[in-house]
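Thanks, everyone. Let me put the structure up, then I'll walk through a helix, the cores and the salt bridges.

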Amino acid sequence: RSLSWADELIVLDSGSTDSTIEICRKYTKNVYVENVWHGFGAQRQIAESYASGDWIFAIDADEEVTEKLSKEIQGVVETDAQDKVYAVPRLTWAFGSFVRHSGWYPDYVVRLYPRKRAQYNDAVVHERVIFGSDMNLHYLKNDLLHYSYTNLESWVAKSAKYSALWAEAKHAEGVRCSFADSITHSIMFFLRVYVVKRGFLDGAAGFMVAATGAFSRFLKYSDLWLRQKNRV
């Protein structure tokens with residue numbers, strides 16, 4: 001609904017089993033399904049292949065465009081500066097409130113770009129938009145709202161998925177770590193987020209961000225260590 005201003009709406013579903021597809025078809029006929037999972041980057045590339053407009057604004061299912069951001073995007077597209085890509089500040093709702101510290105904000109992500117001159121890479125996880133050195137990166141002012149975690153259960157499931165994907169990719173690259181690295185990275189992450197990046201200013205949500213993030217670091221480095229030991 002927050003994208004009703006767009007000339008073309010494209011939805012790429014990755015094999016959902018709920019009513020996602022039926023809901024999306026109420027807003028656009030351009031709903032596609034890709035059941036074979038090749039990673040986040042490849043999935044975005046497939047979505048790009050269906051686009052026909054001069055500009056692409058990429059958005060995830062757990063994100064929402066505010067009215068101010070939509071007007072800002074439309075203004076950028078009207079100028080049609082094909083030598084520019086745009087990063088948008090993302091404001092995340094997690095653990096009961098919007099998180100404005102903890103290193104989570106403004107969390108700029110490149111999402112608006114000319115279709116023929118930029119595209120996503122094929123990274124399995126932590127994919128990003130790549131573009132030539134002759135193009136310039138600019139920053140939008142208005143927030144993209146990100147409702148990443150509906151509850152703690154969803155966070156645990158999402159964290160476990162990302163940890164496994166990260167460990168799998170690093171293991172394939174030949175990266176090695178020790179069990180001590182799992183502990184060290186966890187502690188350092190907590191101190192960096194809660195103290196250095198002032199997560200304590202976010203109250204209980206800030207502590208949860210630091211603590212759960214530290215646990216996530218422990219999971220992914222432990223997963224990598226276990227793969228080295230042939231235990232996974």
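**Helix 5 and what follows**

Just after helix 5, Arg-198 takes a positive phi of about 60°. Before going on, the ground rules. This is a predicted model, where local features need pLDDT of at least 70, side-chain atom pairs count only at pLDDT 80 or more, and totals for chains, interfaces and linings use all residues. Residues are numbered from 1 along each chain as its sequence is written, and side-chain values use heavy atoms, with hydrogens and water left out.

Helices here are DSSP runs of H or I, at least four residues, and strands are runs of E, at least two, numbered from the N terminus. Helix 5 covers residues 179-196, 18 residues in total. From first C-alpha to last it reaches 25 Å, close to the 26 Å expected at 1.5 Å a residue. That expected span is 1.5 Å times one less than the number of residues.

Which residues of helix 5 are buried? Ser-182, Ser-186, Phe-189 and Val-193. Seen down the helix axis, they fall within an arc of 70°, so they line one face of helix 5. The arc is taken from the directions from the axis to the C-beta atoms. Buried means under 20% relative accessible area, exposed over 50%, partly exposed in between, with a 1.4 Å probe and protein chains only. These buried residues pack against helix 6 (203-228); contact means heavy atoms within 4.5 Å.

**Cores**

A nonpolar core is a set of buried Ala, Val, Leu, Ile, Met, Phe, Trp, Tyr and Cys residues joined through side-chain atoms within 4.5 Å. The largest has 14 residues. Phe-57, Leu-69, Tyr-86, Leu-112 and Leu-140 touch the most other members. Helix 3 gives the most to this core: three residues. Beyond four places in sequence, Tyr-86 is in contact with residues including Trp-55, Val-76 and His-138. A second, separate core has 11 residues, among them Ala-51 and Val-85.

**Salt bridges**

The structure holds 11, each a side-chain nitrogen of Lys or Arg within 4 Å of a carboxyl oxygen of Asp or Glu. Take Glu-127 and Arg-44, with closest N and O atoms 2.7 Å apart. Glu-127 sits in the loop between strand 9 (118-120) and strand 10 (129-131), and Arg-44 in helix 2 (residues 40-50), 83 residues apart. Both are buried.

Now Glu-67 and Lys-71, at 3.5 Å. Both lie in helix 3, four residues apart, about one turn. Glu-67 is exposed at 57%, and Lys-71 is exposed at 54%.
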